[in-house]
Amino acid sequence: MRKKLDITNEPFVEDDIEYIDLEKQVMETTRSTIEKETARGSACPPAGKQAYRQATAGQQACGQSTAGQPLYGQSSAEQRASGRQAAGRAASGRRTNRSHKGLVAVMAMILVVLMTATACVLLIQENRKLNRENAEAQDELARYASAEAGLTFSQAEMEAYAQESADAAVENSKAELLQGIKQDVDAYGVLTMLRNLYPKDLVIAADGKYNFIPIIDSLPKHNLDPDKFVITEKKDYEYYEDGVRISHRGVDVSRFQGNIDWKRVANDNVEFAIVRLGLRGYGTGEIKLDANYVANISGALAAGLDVGVYFYSQAITEEEAREEAEFVIENLKGYDINLPVIMDIEYVDGDNGRANNLTVEERTRIANVFCETISAAGYEPMIYGNTKTFVLMLDLTKLEGIRKWFAYYNLPLYYPYEFSMFQYSESGRVDGIPEKVDLNIMIGDYPTF
């Protein structure tokens with residue numbers, strides 16, 4: 001891209017300046033001054049120190065001490081004559097010293113003049129350069145003026161101008177983009193920076209890689225407004241519509257929360273509880289009932305809470321998925337729950353979970369078998385997971401119609417799809433629960449199932 005020209009109204013004209021060879025004049029003046037000073041110095045007596053030595057020698061030769069005292073064998077007249085001769089020679093030496101000092105001063109002044117002259121020469125050369133650039137700029141301006149007057153450029157020339165402009169625009173855009181990337185990385189980290197750069201994809205960090213998954217337009221989306229969430233002093237999430245809280249607070253518990261006082265829990269504004277019923281071991285594959293399941297479901301129901309259950313699945317076949325669902329149904333007998341039965345699907349980090357290596361298709365079929373079995377028994381099925389679960393591990397297009405319980409511990413939500421329950425913390429505190437506990441909310445009409 002051609003740079004914008006800055007042309008003055010009255011350009012500098014080189015012919016208006018008279019160029020003087022200052023350096024030659026200064027050198028001639030210096031040579032003349034040195035010759036004059038040298039001629040003066042050659043007519044003078046020897047320098048002061050030499051004259052003093054000669055005077056001293058003359059005094060001693062006449063029998064007088066250097067301190068001016070008469071020596072034996074010399075008359076007073078002779079002493080005075082000798083002293084006058086010595087004094088004359090010393091005065092001549094002092095005049096020579098002053099002459100040499102004056103010569104040094106003159107040479108210093110000449111050096112300053114020479115330096116000043118050199119600077120003037122450099123300035124004149126710079127003016128010549130500016131004059132040439134000014135003339136070139138006027139020529140280019142004339143070309144543009146001619147074009148505007150109706151002249152045309154060749155196709156090749158115009159294509160070259162267009163390509164030059166496009167390249168410059170690309171470089172400018174790259175610079176702005178790189179600056180924005182650097183600011184995002186410094187402020188928020190690499191993952192947030194990538195998510196800002198790719199708004200049409202879901203960017204998931206997993207297994208040492210960044211995964212870019214296109215958002216599926218056909219799937220239903222949630223319509224939660226991040227500005228309508230409120231975080232309380234206790235770090236609880238609440239959701240408001242037209243100034244009215246429409247969210248409902250809940251917990252999910254297992255044996256890891258210890259012995260729970262459910263009456264105190266209910267008095268701490270908890271409205272529902274999701275109780276772990278059981279699990280399949282990710283190493284052994286053995287199905288077990290949660291050690292605190294009976295105490296927790298009985299206590300939560302007795303405290304008047306709405307209750308659902310979840311099962312931690314590690315099924316690797318459709319047969320195992322059906323087995324897990326039937327185990328849940330069997331252990332729900334005698335308990336009147338009104339919230340869903342949930343299949344907990346998670347990737348085992350830091351260990352070799354038996355279900356870790358399932359393909360998306362295999363895991364999706366297993367989830368469908370579990371949910372179909374639960375639904376056939378008269379319960380509402382649901383699937384629990386985080387962003388990785390729902391985006392990388394399952395095919396949501398084949399799980400439509402099944403409710404989702406979504407875990408994400410930050411706002412705003414980085415997940416576009418519809419869900420029914422939101423787990424927003426894994427380290428909450430609730431009166432009556434001795435350990436840290438997962439906190440959840442459901443939004444909208446309650447119960448929604």
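## Basis of the description

Helices (H or I, at least four residues) and strands (E, at least two) are DSSP runs, numbered from the N terminus. A pocket, on a 1 Å grid over the protein atoms alone, is an open set of points with protein on both sides within 12 Å along at least five of seven lines, whereas a cavity is a set of points where a 1.4 Å probe fits but cannot get out; lining residues have an atom within 4 Å of a point.

The model is predicted: local features need pLDDT of at least 70 and side-chain atom pairs count only at pLDDT 80 or more, while totals for chains, interfaces and linings use all residues. Residues are numbered from 1 along each chain as its sequence is written, and side-chain values use heavy atoms, with hydrogens and water left out.

## Overall architecture and confidence

The chain has ten helices and 14 strands. Of its 449 residues, 35% are buried, where buried means under 20% relative accessible area, exposed over 50%, and partly exposed in between (1.4 Å probe, protein chains only). A contact requires heavy atoms within 4.5 Å. Among contacts with a separation of 6 or more, 61% join residues 24 or more positions apart.

The average pLDDT (the predictor's confidence in each residue, from 0 to 100) is 79 for the chain, and 66% of the residues score at least 70. Residues 1-20 have pLDDT below 50, and this stretch has 28 contacts in the model beyond near neighbours in sequence. Residues 41-75 likewise stay under 50, with 37 contacts beyond four places in sequence. Where pLDDT is low, the predicted coordinates should not be read in detail.

## Largest pocket

The largest pocket has a volume of about 580 Å³, a volume being the space filled by probe spheres set on the grid points, which are joined across faces, edges and corners. It is lined by 27 residues, of which H222, Y417, E418, F419 and S420 are the closest to its centre.

Strands β4 (237-241), β12 (403-407), β13 (421-428) and β14 (437-443) each supply at least two lining residues; the largest share, three residues, comes from β14. By class, the lining of this pocket has 15 nonpolar, six polar and six charged residues. In this classification Ala, Val, Leu, Ile, Met, Phe, Trp, Tyr, Cys and Pro count as nonpolar, Asp, Glu, Lys and Arg as charged, and the others, Gly among them, as polar.

## Cavities

The structure holds two cavities of 30 Å³ or more, and the largest cavity has a volume of about 110 Å³. Its lining comprises 14 residues, with S313, A315, I345, A355 and R363 nearest its centre. Helix α9 (residues 360-376) gives the largest share of this lining, three residues. Nine of the lining residues are nonpolar, three polar and two charged.

## Nonpolar cores

A nonpolar core is a set of buried Ala, Val, Leu, Ile, Met, Phe, Trp, Tyr and Cys residues joined through side-chain atoms within 4.5 Å. The largest such core has 67 residues, and V251, W262, V309, V328, L332, I383 and F422 touch the most other members. Helix α9 gives the most to this core, with six residues. A second, separate core of eleven residues includes L339, I342, M382 and W405. In soluble globular proteins, nonpolar side chains tend to be buried together.

Beyond residues up to four places away in sequence, I383 touches, among others, I342, I345, A367, C371, F390 and W405.

## Individual residues

Y240 is found in strand β4 and counts as partly exposed because its relative accessibility is 26%. Leaving aside neighbours within four places in sequence, Y240 is in contact with K228, V230 and R245. Y240 and G444 are 204 residues apart in sequence, with a C-alpha to C-alpha distance of 9.8 Å. M193, in helix α5 (residues 190-197), has 8% relative accessibility and therefore counts as buried.

## Backbone geometry

A cis peptide bond, with omega about 0°, joins L411 and P412; P412 is found in the loop between β12 and β13. Positive phi values in residues other than glycine include that of K235, near 70°, and that of N269, near 65°. K235 lies in the loop between β3 (229-231) and β4 and is exposed, with a relative accessible area of 61%. N269 lies in the loop between α6 (262-267) and β7 (272-280) and is exposed, with a relative accessible area of 59%.
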